[in-house]
Amino acid sequence: MANFRTDSRFVAILLGIGQTLAWATSYYLPALLAPVVVADLQADPVLVYGAFSLALLISGFIAPRVGRTIERLGGRPVLLASSLTIGTGLALLGLLPGLAGWFLAWVVLGIGMALGLYEAAFATLGMLYGRAARRAITLVTLFGGFASTIGWPVTAALLPALGWRGTCFAYAAVNLLLVLPVYALLPRTGSAAEGPAAAADAGEIPLPADWVRRSFLFLAAFFTLRALISTTMSVQLPAVLAGLGLPIAAAVGAAALMGPAQVGGRLLEFTLGKSVHPLRVAWLGGGLLPLGALLLVVAGPAAAVPFVLLYGASNGIITICRGAVPLALFGPRGYPVLMGKLATPVLLAQAAAPMLTAPLVASLPATTVLGLAGLIGLAAMACLLPLRAAPPRSLAGLQAPGG
């Protein structure tokens, strides 16, 4: 049983189940919950959605500390804490009155999301399996790709029956009664760290410090630019497609292909990409977005479905690359800390994107918006091109940028 519990596929399935439920009950919750809260509290929508942005800001600021904690204690206790914290935050959403209670609950949820979403899961796998964690990371994202597919319909069904507060209580129970026991089955870091892959990783010589810093900055810029696009499109994609002249039903239908396309991109990486260096996979994922935007700008509404499929596949691949590329470039030494530092600009971009880009989307033609998305995608691609495999190793190195 001990060997089974430390098998990377079994651990990835556990993490995948936990991630799917955690994302569905936290990050994806405001999409359907916030409009109901606006009506119930008679509150300004900007303030209601602003609480979610605040949660992302909090997640971004504490992510490096979470990474250091995972490196010190392992991922299991941090993920257990995330379930308790997310469950508590959801219970507070249901309990606390007024807009002040809504904000306070999202502060708690922001801490829980920093403790328990993808970066923490990837760091946990890196601690357990070293460079061999790539397949497990991909498997976790395959599960996680269904978070909105499961979460949104379930939320839509629960809201009329339980109300928004009852729905929050139900989701608190999901985290405390389902996710927490799933994470309790995870191995402690030391049990899997005794395997051959981890033993080989332990003997790696630190990389040259200047190369690590430079490569980290390029990676951070890439993932931050992509986060700016993906967060904007997650809110605005149906409206942007409708702005091309599509009927609203057709625009929503095309946008709904986003989820399956993301999973398709991850399946492509899982099957065909397993023998390819993760950096080359990232080049492919990064290039699909500008290609899709070009198609849509040139062909107009007729290319709406191909654009969504290319963009969704691009997002799916890039999600895997957030965990796989840093691990492949820098190795497992200091990987949890590095993942925490990478998460900070990404989460800050996700928090700021709706406020920064909503005026542009509202005032510019849809073709211009999509053209800008393509240009930002090209700029992100440019950040990847200078990245190369590690130079010859030197004893003068750092475990993670900034120490």
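Predicted model: local features only at pLDDT ≥ 70, side-chain atom pairs only at ≥ 80, totals over all residues.
Figure 1. Helices here are DSSP runs (H or I, at least four residues), numbered from the N terminus. The largest share of the lining, 7 residues, comes from α17. Residues are numbered from 1 along each chain as its sequence is written. Local features need pLDDT of at least 70, side-chain atom pairs count only at pLDDT 80 or more, totals for linings use all residues, and side-chain values use heavy atoms, without hydrogens and water.

Figure 2. A cavity is a set of points on a 1 Å grid, over the protein atoms alone, where a 1.4 Å probe fits but cannot get out; lining residues have an atom within 4 Å of a point. Of the 23 lining residues, Met 113, Ala 114, Glu 119, Ala 343 and Leu 347 are the closest to the centre. By class, the lining has 17 nonpolar, 4 polar and 2 charged residues. Asp, Glu, Lys and Arg count as charged; Ala, Val, Leu, Ile, Met, Phe, Trp, Tyr, Cys and Pro count as nonpolar; the others, Gly among them, count as polar.

**Figure 3. A salt bridge between Arg 322 and Glu 119.** Their side chains meet at 2.2 Å, N to O. A salt bridge puts a side-chain nitrogen of Lys or Arg within 4 Å of a carboxyl oxygen of Asp or Glu. Arg 322 lies in helix α16 and Glu 119 in helix α7, 203 residues apart. The structure holds 5 salt bridges.

Key
1 Å grid on protein atoms, 1.4 Å probe; cavity = no way out; pocket = protein on both sides within 12 Å on 5 of 7 lines; lining within 4 Å. Helix = DSSP H or I, 4+ residues; strand = E, 2+ residues; numbered from the N terminus.
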